[in-house]
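Let's take a walk through this structure, one piece at a time. Keep the sequence and the 3D view open while you read.

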Amino acid sequence: MSTPALTESAFIEIEEALASTPRGRAFLRMRDQRQRVVAIEEVRRLSVSIRDWVTRKVDGGGASHITILRRELHEMGAYIQRTREELASLRMKDGAPLSGNSRINLATEELDEIVRSTERATSDILNAAEHVLKLADAVQPVAAETAAGLSEHATEILTACSFQDLTGQRITKVVNTLRYLEQRVNAMIDIWGVESAKGVEQPADERPDAHLLNGPARPGHEKSQAEIDAILSGVSAGSDAKLPELLNGAEPAPPSESPPAASVSQSDIDRLFS
Amino acid sequence: MSILVVDDYNTMRRILRNLLEQLGFRNVDEADSGSTALERLRTGKSYGMVISDWNMEPMTGLQLLKEVRADTKLKDTPFIMVTAESKTENVVAAKQAGVNNYIVKPFNAATLKQKMESVLGPIA
């Protein structure tokens, strides 16, 4: 036979009745005290249970998670280090700042020069085409058909020259992109502080004359044929001057294991040109 | 009739000048930017047509077109855009700004003649 549950008002009525007498109040205090003991014991049992669960995880399957975490952190560290080295390698070997003499900056200058070179070449072609048009006008009274043909082909040459405008615009876009990348790389260097990082060396050019290979000179740095001729004629027999040192801008050959080569005399050079 | 050719590339100005001369237009002037062209249009002689590039600094061809259309004295000047910008949105923007025709680079003499005739009528 089940005991019917008390309503809230019935519970309060009985509790107030007990609280109205000293024995009743002593009963209530003892009841509360026992309830607290039961609650504390319950919390303690739950704590032990949680601790055991955590211990099992750490000693068992949890250990592998920590190992993976450590490995991931290690790989992240290595990746960051590689990135620092890659950024450092963007600097020139002499440590010049990226904003000045960097590879990216040099690349943009080369592209700018391509634009200027094609513009000059296109101008020469246009001059020739315009000359042909004038010739066509001149011969028109005596050879109308020939004049028309000349004029037609010269016009085709003219319109074909519009490639310079289009390639110029494309290259300008690439230059702008490179400049943007340069700014971002500079910002990354500032953030990551790669000043002390060791740069990744470029694969060495194995060719024996690699130190002399600089490509076309930039405007203002080039030598005229007359200057080259003068340099060649200035290397006389018995001169101490070495050819690489006379060619401004060319670096002397790096030291090698083999004995140093003898100075090149003018007569040696003359024999090469004879 | 005088024609004003506007392009920041000297090469393209020379090409257009030569093609226009082939078509019989001997009175051709050049400007290397939208701002230079606008100054010339407002202060110089009257032009029967403007042939302009789009991508220029500091003032683009589209800005020049809008300035021309907003100017009470210049608003009726025929204006042809000759540009490498060939996206639909470019053509739409130019059309909305009041361009008379639109030529995409690279182009040939026949195209230039055809587009000019669509604006000016038959060219001898």
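## The core of chain B

Start with the largest nonpolar core, which has 41 residues; Ile3(B), Leu4(B), Ala37(B), Val50(B) and Ile51(B) are the ones that touch the most other members. A nonpolar core here is a set of buried Ala, Val, Leu, Ile, Met, Phe, Trp, Tyr and Cys residues joined through C-beta atoms within 7 Å. Buried means that 20 or more other C-beta atoms lie within 10 Å of the residue's own, exposed means 12 or fewer, and partly exposed is in between, with C-beta atoms placed from the backbone. Helix 1 (residues 10-22) of chain B gives the most to this core, with 5 residues. Helices (H or I, at least four residues) and strands (E, at least two) are DSSP runs, numbered from the N terminus.

Before going on, know that this is a predicted model: local features need pLDDT of at least 70, side-chain atom pairs count only at pLDDT 80 or more, and totals for chains, interfaces and linings use all residues. Residues are numbered from 1 along each chain as its sequence is written, while chains are lettered from A and ligands numbered from 1 in the order in which they are written.

Which residues does Leu4(B) touch? Leaving out residues up to four places away in sequence, they are Asp29(B), Ala31(B), Ala37(B), Arg40(B), Leu41(B), Tyr47(B) and Val50(B). Contact means that the C-beta atoms of two residues, placed from the backbone, lie within 7 Å.

## The sheet and its helices

Chain B has an open sheet of 5 strands in the order 2-1-3-4-5, with parallel pairing. Two strands pair if DSSP finds at least two bridges between them. Strand 2 (28-31) and strand 5 (101-104) of chain B stand at the edges with a single partner strand each, so one side of each has no neighbour in the sheet. From one strand to the next, the twist averages 20°. Strand 4 (residues 79-83) and strand 5 of chain B run parallel and are joined by 4 bridges, and Thr83(B) stands opposite Val104(B).

Now look at two helices. Helix 3 (residues 61-70) of chain B lies across strand 1 (3-6), strand 3 (49-52) and strand 4, running at about 175° to strand 4. Helix 5 (residues 109-120) of chain B lies across strands 3, 4 and 5, at about 175° to strand 5. For these angles, axes are lines fitted to C-alpha atoms, for helices over the stretch in contact, and angles run from 0 to 180 degrees between N-to-C directions.

## Two cis bonds

Most peptide bonds are trans. The bond from Glu57(B) to Pro58(B) is cis, with omega near 0°, and Pro58(B) sits in the loop between strand 3 and helix 3 of chain B. Another cis bond joins Lys105(B) and Pro106(B), with omega about -5°; Pro106(B) lies in the loop between strand 5 and helix 5 of chain B.

## Over to chain A

Chain A has 10 helices and 0 strands, and 7% of its 274 residues count as buried. Among the buried residues of helix 5 of chain A are Thr122(A), Leu126(A) and Ala129(A).

Where is Leu181(A) found? In helix 7 of chain A, and it counts as partly exposed because it has 14 C-beta neighbours inside 10 Å.

## Where the chains meet

The contact takes 17 residues from chain A and 15 residues from chain B. On chain A's side, helix 5 (103-139), helix 6 (144-160) and helix 7 (163-192) give two or more residues each.
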